[in-house]
Amino acid sequence: METLHPLYDKKIACALCSHSFYSKKVRSRFLKAQRYDTDFFIYYENPKLHPIIYDVVICPKCGYASTEQFSRIFPPGSANQVKEKVTKNWSYHPYDQERTLQQAINAYKLAIYCANIKKEKSSVLASLTLRVSWLYRLLDDIQQERAFALHALKCYTTAYLEETFPSNSNEVRLLYIIGELNYRLGFQQQALLYFSEIIYKHKNHPDRKTFERTKERWHEIRSIS
């Protein structure tokens, strides 16, 4: 019997050039969570099979990099800008094969570049930069982890101010991650503001785990203030 490989090929149609290609994904049965960080990062038994390593898909033909959060619609002129700034300088890299952590980071940085060119929402950029921060955490690179966490915080804060969210649950998770990133980066008073908003405005929120975690952080900050 053939041994099932942890990775499988998912067929992708490039939103920029329509080229069809395959990108690796991790089979869920191989994902065994070990522990969870308070910023939603999950540690798995095998870090080489962390699913975020394969979240970014890169077209081998044109170099356009994206995730499932990207809009497939290009604002006027942005598709040509991606072709001019990315495709013209693109040469094939084996992102459609197994990736190292560093290759995953490079893939995310290309996706961030593409997202900025086509003016993706701040929440999309926040998600990308937070995941780069997590990848640097796996590499024990504290300086780069912090740098990208700062980028993520800025983008999440902009998203909260400028975007609308389909559910109350999404807003609470957003408030929490802004508070948690502020806390982790040493901005305790800012963290307190966002945690307080959850406690006083969303006390009946059904996501009790996030709410209880928020209260723990709130009490922790208040005790040292």
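Predicted model: local features only at pLDDT ≥ 70, side-chain atom pairs only at ≥ 80, totals over all residues.

Q: What counts as a pocket or a lining residue here?
A: On a 1 Å grid over the protein atoms alone, a pocket is an open set of points with protein on both sides within 12 Å along at least five of seven lines, while a cavity is a set where a 1.4 Å probe fits but cannot get out. Lining residues have an atom within 4 Å of a point.

Q: How much space lies in the largest one?
A: About 440 Å³. That volume is the space filled by probe spheres set on the points, with grid points joined across faces, edges and corners.

Q: Which helix gives the most to that lining?
A: H3 does, with six residues. Helix H3 (122–138) and helix H5 (168–184) each supply at least two. Helices (H or I, at least four residues) and strands (E, at least two) are DSSP runs, numbered from the N terminus.

Q: And what is the lining like by class?
A: Eight nonpolar, four polar and three charged residues. Nonpolar covers Ala, Val, Leu, Ile, Met, Phe, Trp, Tyr, Cys and Pro; charged covers Asp, Glu, Lys and Arg; the others, Gly among them, are polar.

Q: What volume does the second largest pocket have?
A: About 250 Å³. It is lined by 18 residues, and Ile12, Val57, Ser66, Thr67 and Arg72 are the closest to its centre. By class, the lining has ten nonpolar, three polar and five charged residues.

Q: Which strands supply at least two residues of that lining?
A: Strand S1 (7–13), strand S2 (20–26) and strand S5 (57–58). S1 gives the most, with three residues.

Q: Since you mention S1 and S2, in what sense do they pair?
A: They pair in the antiparallel sense over seven bridges; pairing takes at least two bridges found by DSSP between the two strands. Asp9, for instance, has Lys24 in S2 as its bridge partner. The hairpin has six residues between the strands, and Ser18 takes a positive phi near 70° there.

Q: Is S2 mostly covered or mostly open?
A: Mostly covered, with five of its seven residues buried. Buried means under 20% relative accessible area, exposed over 50%, and partly exposed in between (1.4 Å probe, protein chains only).

Q: What about S3 and S4: how many bridges do they pair over?
A: Three, in the antiparallel sense, between strand S3 (residues 33–36) and strand S4 (residues 42–44). Ala33 has Tyr44 in S4 as its bridge partner. Five residues sit between the strands of this hairpin, where Phe40 takes a positive phi near 80°.

Q: Changing topic, where are Lys119 and Asp140 found?
A: Lys119 lies in the loop between helix H2 (101–117) and H3, and Asp140 is in the loop between H3 and helix H4 (142–162). Lys119 has a positive phi of about 55° although it is not a glycine, and Asp140 has one of about 60°, again without being a glycine.

Q: Are those two buried or exposed?
A: Lys119 is exposed, with a relative accessible area of 65%. Asp140 also counts as exposed, at 67% relative accessibility.

Q: And Asn182, buried or exposed?
A: Asn182 is buried, with a relative accessible area of 5%. Asn182 lies in helix H5 and, not counting residues up to four places away in sequence, touches Leu153, Phe187, Gln188, Gln190, Ala191 and Tyr194. Contact here means heavy atoms within 4.5 Å.

Q: Last one: how many residues has the largest nonpolar core?
A: It has 70, and those with the most contacts inside it are Ile58, Tyr64, Leu128, Leu135, Tyr156, Ile178 and Leu181. H2 brings the largest share of this core, eleven residues. Such a core is a set of buried Ala, Val, Leu, Ile, Met, Phe, Trp, Tyr and Cys residues joined through side-chain atoms within 4.5 Å.

Notes:
Residues numbered from 1 in each chain as written. Heavy atoms only, no water.
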